[in-house]
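Open the model in your viewer and keep the selection tool ready. Each stop says what to pick and what is there.

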Amino acid sequence: MITDERPQTRQTKYCNAIKRILLTKGHFTNNELLIELRKSFPELSATTVHRATARLASRGEIGIAPTTKDGSMRYDPNIKPHDHFLCNTCDTLRDTDVKDKITPVLESSIGDCQISGRLTISGTCKNCIKLNRKDYA
């Protein structure tokens with residue numbers, strides 16, 4: 001008998017927990033996920049986290065975000081196309097959506113080139129600006 005059912009994809013308790021953490025905490029690296037996951041699963045290995053995030057990303061269930069300062073891969077709960085703001089001081093990453101507003105300005109500045117990807121804008125976040133002002137006050 002032929003059915004119209006799709007094959008089951010492997011969805012472990014770790015995959016479900018990773019998606020939950022990303023939804024509540026935001027952009028995390030495998031190491032940050034491991035630390036958070038070990039609160040519930042003390043036996044969990046780094047390899048298992050790596051395999052689970054790779055599986056989730058390949059299926060499009062989580063996104064890949066800009067890397068950390070040290071080059072560690074970050075994962076994103078938001079799988080829709082969007083841009084990011086990256087703080088140069090604290091390495092915090094925030095979602096934003098500025099491509100449609102900024103692309104025409106950038107393209108006119110670079111001549112006959114066309115921007116096709118999403119943007120990562122770097123600077124200093126408001127928390128680091130406040131901390132910096134306190135340091136100099």
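Select L86 and S122. S122, in β6, is the bridge partner of L86. Now widen the selection to both strands, β4 (residues 83-87) and β6 (residues 120-123). Strands here are DSSP runs of E with at least two residues, helices are runs of H or I with at least four, and both are numbered from the N terminus. β4 and β6 run parallel and are joined by four bridges. Two strands count as paired if DSSP finds at least two bridges between them.

This is a predicted model, in which local features need pLDDT of at least 70 and side-chain atom pairs count only at pLDDT 80 or more, while totals for chains, interfaces and linings use all residues. Residues are numbered from 1 along each chain as its sequence is written, and side-chain values use heavy atoms, leaving out hydrogens and water.

Pick D83: its bridge partner in β5 is T96. Is β4 enclosed or open? Four of its five residues are buried, so β4 is largely enclosed by the rest of the structure. Buried means under 20% relative accessible area, exposed means over 50%, and partly exposed lies in between (1.4 Å probe, protein chains only).

Next, select C125 and C128. How far apart are their sulfurs? The distance is 3.7 Å, too far for a bond. A disulfide needs a pair of cysteine sulfur atoms within 2.5 Å. A search of the whole structure finds zero disulfides. C125 is buried at 3% relative accessibility. C128 is buried too, with a relative accessible area of 10%.

Move to the open sheet. Its three strands come in the order β1-β3-β2, with antiparallel pairing. Select β1 (28-29) and β2 (63-65), which stand at the edges. Each has a single partner strand, so one side of each is left without a neighbour in the sheet. Two bridges link β1 and β3. Click T29 to see it opposite R74 in β3.

Select I18, L22, L33, L37, F41, L44 and V49. Within the largest nonpolar core, of 17 residues, these touch the most other members. A nonpolar core is a set of buried Ala, Val, Leu, Ile, Met, Phe, Trp, Tyr and Cys residues joined through side-chain atoms within 4.5 Å. α1 (13-25), α2 (30-37) and α3 (46-58) each supply at least two residues of this core. α1 gives the most, with six.

Zoom in on L22. Beyond its neighbours within four places in sequence, L22 is in contact (heavy atoms within 4.5 Å) with F28, L33, I62, Y75 and P77.

Finish on α3. Which of its residues are buried? They are V49, A52, T53 and L56. These cover an arc of only 95° around the axis, which puts them on the same side of α3. The arc is taken from the directions from the helix axis to the C-beta atoms. The buried residues of α3 pack against α1, α2 and β3 (74-76). Turn the view: R51 and S58 are exposed on the other side. Last, click G60, which follows α3 and has a positive phi, near 75°.
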